[in-house]
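The paragraphs below go through the structure in two steps.

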Amino acid sequence: MSVTALFRGKWGPKSQETPEKHAAAAAAVVQQSYEVDDDEDDSKFGFSREPIRRNSRFYRSVRKKRLVSSENSESSTRLGLDHSPQNRVAGSSSDAILPQKSPLLLGARRLLSNGDGPQTICHSLNIVKNTAFLYQEYRDTSKQQEIEQRRQRESLSPGVMAGPVGTGSGVMSPPVLQLQLRNSACSLSLWQNLEAVQASGLLTQLPQKEIIMQEAMFELVTSEASYYKSLEILETHFLHNPVLVNTLCQSDMHFLFSNIEEVMKASERFLMDLEHQIEKSILISDVCDIVYQHAVEHFSVFIKYVINQVYQEKNYRRILEGNQAFREAMAALENHPRVRGLSFTSFLILPFQRITRLKLLVQNILKKAEENSEREANAIKAHQQLGQIVEECNEGVRKMSRTEELISIEKTLEFKSKSVPVISHSRWLLKKGAVQLMAGPKSTRTMRSRKLYQPVYLFLFNNLLLVTKRSSSGDKFQVLDSCTRAMLRTEDLEDQGQLLANVFNLKLLENQEERPVNYMLKTSSMSDKLRWMCALTPNRRTRFMSTSAQQPDSLQVQCIQSYSSQEPDELSVEMADVLNLLERTDNGWMMGERLHDGERGWFPSRVVEEIQSKEVRAQNLREAFRIQQAQESGGGSQTGARIGLRVGRRTPKVSNFSNPWIEQMGESSEQKQ
């Protein structure tokens, strides 16, 4: 089970407000909450507004050092900059430096030299102050725009998709479409809309591909500013609120907020360096080098915070139920206009949401980076490092939840004969549930009897199956049989009337008594039968092939509504996720494999829509293989994290683009375009 499912599912459904409602509220609330003096309103809730941390002594001192270091040649060498006179921009006393060796940046340097100095331009950028969205609002809006972008691309004819920008056809190519969608009403900030950029003349000189890259890097910066803005509310509005603090003991304060101040300080350092990068030049040279540096040096605080969230959720519910003063104080704080209708728990889960989103933003930059460029190299390193952090977060949470689950299950088991140790550091639950076991001979008389099937309860672990029977009391399970998962085989049976509908054979090649056994099992529905068969024998062939299988095309869906897994074999999906379809049922369930991380699982078909365009599907696959190829050529080892696509055990690993099926896919797409 993913961390997102663990927390979002247990804390209840997310706010049902749509991204459009969040965005519409943002503009109104931002004036009400930040431009109007609300000190009197704040006093009702027991706190005085503290200066934001960006004005703290720490921030000012470190920022001063950064500004001074921009004049230092050693710092510039580390960032890959050149202080030579030919690479300085005229018109500024500080002589802002631009990277060397790039014709594109050299052209921009000449443009910036005509007019206001870049130092004046860049200092006019106040990214945090000008960020209207809280991170929760940014995240929903950004994902909705990703969905709309794919829908618009599908509506374009294949012949138009590859057309040059600004053609007279009146139909936009995907890059222009992407920018217009982000630039629409209630949109996110765009690099090209900055006054400094428009005044520089860069937009008329830069190729469209570079503008798209600038937007991708700028989104990483502005989203970090939005994230920091939400963290400020968590700190000043909740953590430092004296009324709320007085309702909690010291241990409960630690359970709820953990090391959030360390997380905030890491974000502060990170955002400051990103701002400093833009201040050097409005034409952003790179951001992934900064991401990598901070991921290595500072982002370990995310791991501690996310792992502690397991206890955070439990204790939050305990405190809500047993502490009336806390419950009343929290209700008042959540109703304050400053939080814009968002729940306290939506702020608590911000760090994990941010580290996973940051990985996807770097992945987006990597897709757009020129091959064998410095930008690509930095993006690969940053993506690998973030992948390791995300995987450590996931593994930390999984270990704790899995161990607790195994202990809980073992307490309910009663072994009839041979006892099987359940608790193991290498074991976890995959699926559990009740099925019907056929009992007695297949005679006409038996089939008419109500005792044709008897209920059994299966516990399926990653390396073990337990066949049990619920006790009369209902709280214990008597173990009837067991088998290692590797010795399981399933066989689908055709429906033979209502009594034999949704039936399959389960073969234990060697059970606990070291002999083969065959069980005929009946499930409650067709989807339940497929889910059990896929879980019991994961190497069985699905109706549709995996991404890693060698085929020219595969069915894909994109998620249009977030879903939190309710069972171990389900997959939590977020808006805008793209998945390859592996299996589907007639009663509204699908099994898919997510492109960006290779995770598999079941989800309701109502939360996704099928991607009809073969060209869009081909583009999604090419981008995924681009990420995989870049990771493999990067030479860095990836601990536990699957990059781009999962390589199934039943299929050979795809190492490069020389595979004939992927080339065929690209050629057919180019011919249509």
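A residue is called buried under 20% relative accessible area, exposed over 50%, and partly exposed in between, with a 1.4 Å probe and protein chains only. This is a predicted model, in which local features need pLDDT of at least 70, side-chain atom pairs count only at pLDDT 80 or more, and totals for chains, interfaces and linings use all residues. Residues are numbered from 1 along each chain as its sequence is written, and side-chain values use heavy atoms, with hydrogens and water left out.

Asn587 has a relative accessible area of 41%, so Asn587 is partly exposed. Its place is the loop between strand E10 (578-584) and strand E11 (589-594); strands (E, at least two residues) and helices (H or I, at least four) are DSSP runs, numbered from the N terminus. Met526 is 61 residues from Asn587 in sequence, yet 7.6 Å away in space, C-alpha to C-alpha. Leaving aside neighbours within four places in sequence, Asn587 is in contact (heavy atoms within 4.5 Å) with Ser525 and Ser527.

The largest nonpolar core has 83 residues. Such a core is a set of buried Ala, Val, Leu, Ile, Met, Phe, Trp, Tyr and Cys residues joined through side-chain atoms within 4.5 Å. Trp191, Leu220, Leu234, Phe238, Phe257, Phe299 and Phe347 touch the most other members. Helix H13 (residues 208-239) gives the most to this core, with 15 residues. Another core, of 19 residues, lies apart from it and includes Val435, Val467, Met533 and Ala535.
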